[in-house]
Amino acid sequence: MARSSPRARYLDIHPVDPQQRLVDQAVDVLRDGGLIAYPTDSCYALGCSLGAAEGLERIRRIRQVDKNHHFTLVCADFAQLGQFVIVSNPTFRLVKSATPGPYTFILPATKEVPRRMAHPKKHTVGVRIPDHRVAHALVETLGEPIVSSTLLLPGQEDPPSEGWVVQDLLGEQVDVIIDSGEVGIEPTTVVDLSTGELEIAREGAGDITRF
């Protein structure tokens, strides 16, 4: 099991044409149970693999969140997303129209989602498909969703927007930091569809007027 390294490996990955050998290095760390900090179309995120119980706990410690925190499954495509959440026909159309993009959708989790990462009472989980070449390359290479959470540290108003800042903040708490140039500082817009009604749980990078 990978553990927090003395200093994170720093990977400079091209934002438009990601170098596969570097993507592979990050994915190897994920497969080994490690924790990465990576860019998305909204802001930086912390990520681990579905089976990485320790990675999940490391995210909770860094973020200082409790068991009710909604983690997000960052998916490669809609087919993959559909394995992990229950999507009704009306929900399908709505989610499909807003992906890929900076939106997280809260939906009922299927049995494919490990119990430790679903909401303990609601049995829901966040899902999203990012519009970012590096994030997409990571998930596609991994072959399963990346369990993720916004890289927003306690006491800070905004997430870091550049890799070197992430390194200064978390260089000894994560295993890999991916730098693909400057990213945004607004987390995703969170849309809760778990009850069948649409509720904007957090207004963020995604335009809510489309709903």
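I began with the pair α1 and α5, where α1 passes α5 in a right-handed crossing (the near helix is turned clockwise from the far one by less than a right angle). Helices here are DSSP runs of H or I with at least four residues, strands are runs of E with at least two, and both are numbered from the N terminus. I noted that the axes of α1 (residues 20-31) and α5 (residues 133-142) come within 9 Å and cross at roughly 60°; axes are lines fitted to C-alpha atoms, for helices over the stretch in contact, and angles run from 0 to 180 degrees between N-to-C directions. The two helices are therefore oblique to each other, the class left over once angles under 35 degrees (roughly parallel), over 145 (roughly antiparallel) and 65 to 115 (roughly perpendicular) are set aside.

I read that this is a predicted model, in which local features need pLDDT of at least 70, side-chain atom pairs count only at pLDDT 80 or more, and totals for chains, interfaces and linings use all residues. Residues are numbered from 1 along each chain as its sequence is written, and side-chain values use heavy atoms, with hydrogens and water left out.

Next I turned to the sheet, which is open and mixed, with 10 strands in the order β1-β8-β2-β3-β7-β4-β6-β5-β9-β10; strands pair if DSSP finds at least two bridges between them. β1 (9-12) and β10 (199-202) stand at the edges with a single partner strand each, so one side of each lacks a neighbour in the sheet.

I also checked β5 (residues 103-108) and β9 (residues 189-192), which run parallel and are joined by 4 bridges, and I found T189 of β9 as the bridge partner of Y103.
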